Amino acid sequence: ETMMQIINDILDDSKIEAGKLDLIREKFDVREFAEQVGQLFAGRAESKKLELTVRVEPTVPAAVEGDVLRLRQVVGNLMSNAVKYTEHGEIQVRVGVDDLAQASQCRLHFRVSDTGPGIAPSHHATVFEAFTQLENGSRVGGTGLGLSIATGLVRLLGGERIDLHSQVGHGSAFSFALSFAIAESAP
């Protein structure tokens, strides 16, 4: 399973770099998406005795159109890191509306925060580079591609970047915003 994840990460990273990753536009329920992503990591969080909360703000439209698979991959990579590096405390996933510029479009804001070890300011830029892992005194494994892939996917989905707010000893928060067409009804 670990080997397959490494191979898939390398393939995704290569496809993003080559501009060969196709996006699929489909209608999806934002709350159902958030709940499913939370469920994917609930067992791992529970095994570490971490509190995991997922919240979709009431102002978020029920359904939007976009590539839910790639969005799940971005949020999943951020959550995977949060669970992997957090030893106690909590992980929060939040989805809110940055902008409802018009009736047919919205800009959603996604945020994954944790109470993990935090990241020193001198490492904020380098954590997004491919094959980069920070030494934090523990062996957590992985390829060092998760944040690189997530950043590439956010750009491919029309976002600008993933923002990082972190302080050593006080956890980290990764966030990004993407625009979606508002769907008329939930799928």
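I looked up burial first: 44% of the 187 residues of the chain count as buried (under 20% relative accessible area with a 1.4 Å probe, protein chains only). The model is predicted, so I note that local features need pLDDT of at least 70 and side-chain atom pairs pLDDT 80 or more, whereas totals for chains, interfaces and linings use all residues. Residues are numbered from 1 along each chain as its sequence is written, and side-chain values use heavy atoms, without hydrogens and water.

I listed 4 helices and 7 strands, taken as DSSP runs (H or I, at least four residues; E, at least two), numbered from the N terminus. Along the sequence they follow the pattern α-β-α-β-β-α-β-β-α-β-β.

I next examined helix 2 (residues 30-47) and helix 3 (residues 68-85), whose axes come within 10 Å and cross at roughly 30°; the axes are lines fitted to C-alpha atoms over the stretch in contact, with angles from 0 to 180 degrees between N-to-C directions. The two helices are therefore roughly parallel to each other (angles under 35 degrees).

I looked up which residues meet, with contact meaning heavy atoms within 4.5 Å. Helix 2 contributes F33, Q36, V37, G38, L40, F41, R44 and A45, and helix 3 contributes V68, L71, R72, V75, G76, M79, S80 and V83. By class, I recorded 10 nonpolar, 4 polar and 2 charged residues in this contact; Gly counts as polar and Arg as charged, while Ala, Val, Leu, Met and Phe are among the nonpolar residues.

Note on methods. Angles under 35 degrees count as roughly parallel, over 145 as roughly antiparallel, 65 to 115 as roughly perpendicular and the rest as oblique. Buried means under 20% relative accessible area, exposed over 50%, partly exposed in between (1.4 Å probe, protein chains only).
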